[in-house]
Amino acid sequence: LLALPEGDDYAGALFSLIQASLKISDLTFLTQERASNTFHEDLKALLQETVPSTRLTCDWSDPERDPDGNYTVQYRVNGMDEPLFVFALLNDDRTRDATISLLQLERWGLKFHSLGIFHNQESINRKVLARYTDVGHKQFSSLEANRDRITQYIKDYANL
């Protein structure tokens, strides 16, 4: 992986070390990106299998109060008195965004129920998680470990 130059070529050695570090960094980034894509694809597939397409909206925002889509809900399950807003909580940033959206939707006086599904709740910063917990209604710590429970929860709430 790392070819060290012969003699006193310190610049060449440093260059080789930097190249090796960048390759390792690239692998880490690709692994995180792949996990992100898989999580979102898996959650979307689960929702599409559970909820009829006429009752599921992706990337919903309130058209009257939020025409620019600043406070989006990743999935909206409708057909009940209070819709179910589903958030895919992959990391700290997504969890913060969901918290902000929930607070704004609440401020606007919308009636809804929320469901947060974490990729891995243990990886979320404690303060970020605490803030989300204050405003979110129901949450599951991971998709894979709770797939059946998530499906049953959605079916029960949405009367499916």
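Author: Happy to! Keep in mind that this is a predicted model. Let's start with His-113, which touches Glu-82, Pro-83, Leu-84, Phe-85, His-137, Lys-138, Tyr-153 and Tyr-157, leaving aside residues up to four places away in sequence.

Reader: Okay, and where does His-113 lie?

Author: His-113 is in strand β4, which covers residues 113–118.

Reader: Which side chain has a polar contact with the one of His-113?

Author: That would be Tyr-153: the two side chains are joined by a polar contact of 2.8 Å.

Reader: Zooming out, how many helices and strands does the chain have?

Author: There are 4 helices and 5 strands. Along the sequence they follow the pattern α-β-β-β-α-β-α-β-α.

Reader: And what percentage of the residues is buried?

Author: Of the 160 residues in the chain, 38% are buried. The accessible surface comes to about 10,100 Å², and carbon and sulfur atoms hold 48% of that.

Reader: New topic, pockets! How much space lies in the largest pocket?

Author: About 190 Å³. Its lining includes Asp-59, Tyr-71, Phe-87, Arg-94 and Ser-101.

Reader: Which element gives the largest share of that lining?

Author: Helix α2 does, with 5 residues. Two elements, β3 (84–89) and α2 (92–107), each give two or more residues to the lining.

Reader: How do the lining residues divide into nonpolar, polar and charged?

Author: The lining has 5 nonpolar, 4 polar and 3 charged residues.

Terms used:
Residues numbered from 1 in each chain as written. Predicted model: local features only at pLDDT ≥ 70, side-chain atom pairs only at ≥ 80, totals over all residues. Heavy atoms only, no water. 1 Å grid on protein atoms, 1.4 Å probe; cavity = no way out; pocket = protein on both sides within 12 Å on 5 of 7 lines; lining within 4 Å. Points joined across faces, edges and corners; volume = space filled by probe spheres on them. Nonpolar A, V, L, I, M, F, W, Y, C, P; charged D, E, K, R; others polar. Polar contact = N/O pair within 3.5 Å; in protein donor to acceptor, adjacent residues only side chain to side chain. Contact = heavy atoms within 4.5 Å. Buried < 20%, exposed > 50% of the residue type's maximum accessible area, 1.4 Å probe, protein only. Areas by Shrake-Rupley, 256 points an atom, 1.4 Å probe, with all protein chains shown as cover.
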